[in-house]
Amino acid sequence: MSWLPAYTKEYYPRSLRNRPCKVNRAVLLLGLALTVIITLHSWLRYSNEDYAHITAPSNITSHFHWPVYDNPPVVDIPTHETYINGTKRANAVLLMLVRNSELESALGSIKELEQRFNKRFGYPWVLLNEVPFTQEFMETISKVISGPVTFGRIPHEHWYQPDWIDEEKATADREKMAADGVIYGGSLSYRNMCRFNSGFFYKHPLLQPYKWYWRVEPNVHFHCDVDYDPFLFMEKNDKVYGFTIQLTEWPLTVVTLWDAEHPRYLAHNNAMEFISDDKGESYNMCHFWSNFEIANMDFWRGEAYSKFFDHLDSKGGFYYERWGDAPVHSIGAALFARKDQLHFFKDFGYEHEPFQHCPLDIDVWEARNCDCDRPASFIYGSACYPKWENMMKT
């Protein structure tokens, strides 16, 4: 039977009606090539975190340098003269670095902190992302926050690897670290985050009006009520940095970090004993776990820490090794502040898997309606906690 419809046969010669259908070879090869490319791209996006991030549409569009902010809501910036429900507030903000894909885990953290603390104080939130937030993300988060909330885009130059980094060396170092089993050892995006948190977050335009911040991460838990204002506590008692968990860093990630430290601005009566067992000859790996921080951004903005970070950044260790913001912040705070300006929030219940801090004082645990397991507090397993306690006794 001819391939032509019956009603067309009378208009075509028999030679054409009986000719077999031929496939253009160029079209066939093009289709085959596209199939191979699409298959390879899909496999790489599934198996390689950095490739998936680099080729994500949101990341590609970020390189066009569109405006940093996507119509953030206009909010009144609170000051220390602002009162909520008759309660004086500090010039402070709750800060979260988060991606659109982390909506559910961000919601969990925010709901808990709002319930445990912020519903009584109404501090504003600032959420930052290296790509634009989706409308769904912003609308969902805004519904669970008691005070103002602003969503911002991180400037391109604050997030991505600098052009002067030797990419061949950085790639080789990442591959070696991954082969050695170092957590996030092969991740470029993790290094971007560590560098941003170490020396750029407090420079973000949305944070310029503020002095104090409480760093909050997705998928963390607040196990106790906070019935007082930690910002005002820090301000009244001349503190600059507050933490809940102390632990040791993975040595392979900071091989040359201590060699690169900048000792010019050492504070009198500093916390060197916490981070060094030999009076500064070497780094003992102790640090404050920076996924929880309540701190003074003017301390990071000051001359000592600014010079320190610029010096570290120039060495390339955020990319050639895997310098984390936790040891960088800890060394900066320990060296450039007095030890009495650092504060351990023993009365807070906080968890970031796999570690938690729970108040050991049973009276505090009961008064704050805590639901954490006191014997499981990381304070019992930390090699750094005794160093902190011994230092603070002297």
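N219 is partly exposed, with a relative accessible area of 41%; here buried means under 20% relative accessible area, exposed over 50%, and partly exposed anything in between, using a 1.4 Å probe and protein chains only. You'll find N219 in the loop between β6 and β7, where helices (H or I, at least four residues) and strands (E, at least two) are DSSP runs, numbered from the N terminus. Its backbone is worth a look: phi of N219 is near 65°, a positive value in a residue other than glycine. Most residues other than glycine have a negative phi, and most peptide bonds are trans.

Before going on, a word on what you're looking at. This is a predicted model, with residues numbered from 1 along each chain as its sequence is written. Local features need pLDDT of at least 70 and side-chain atom pairs count only at pLDDT 80 or more, while totals for chains, interfaces and linings use all residues, and side-chain values use heavy atoms, with hydrogens and water left out.

K279 is another residue to check on the backbone side. Its phi is near 60°, again a positive value in a residue other than glycine. K279 sits in the loop between α11 (272-275) and β10 (286-288), and with a relative accessible area of 81% it is exposed. Then there's the peptide bond from E353 to P354, which is cis, with omega near 10°. P354 belongs to the loop between β13 (350-352) and β14 (355-357).

Now for the empty space. Rolling a probe the size of a water molecule over the atoms shows where empty space is left. In this model, the largest pocket has a volume of about 1200 Å³. Grid points are joined across faces, edges and corners, and the volume is the space filled by probe spheres set on the points.

Together with I183, W250 and L252, Y184 forms a nonpolar patch with about 380 Å² of accessible area. Patches are made of residues with over 30% relative accessible area and no salt bridge, with nonpolar side chains (Val, Leu, Ile, Met, Phe, Trp, Tyr) joined within 5 Å and like charges within 9 Å; the areas come from the Shrake-Rupley method with a 1.4 Å probe, and for residues only the protein chains shown count as cover. I183 is in the loop between α8 (167-179) and α9, and at a relative accessible area of 47% I183 is partly exposed.

On to the charged pairs. The structure holds 18 salt bridges, each being a side-chain nitrogen of Lys or Arg within 4 Å of a carboxyl oxygen of Asp or Glu. One of them joins R116 and D225 at 2.8 Å, N to O. R116 lies in helix α5 (residues 103-121) and D225 in the loop between β7 (221-222) and α10 (230-236), so this pair ties together parts that are 109 residues apart in sequence. R116 is buried, at a relative accessible area of 11%, and D225 is buried too, at 17%. R116 and D225 are also linked with D371 in a network of salt bridges.

E235 and K211 meet in another salt bridge, at 3.6 Å, N to O. Since E235 lies in helix α10 and K211 in the loop between α9 and β6, the pair ties together parts that are 24 residues apart in sequence. E235 is partly exposed at 32%, as is K211 at 25%.

Notes
1 Å grid on protein atoms, 1.4 Å probe; cavity = no way out; pocket = protein on both sides within 12 Å on 5 of 7 lines; lining within 4 Å.
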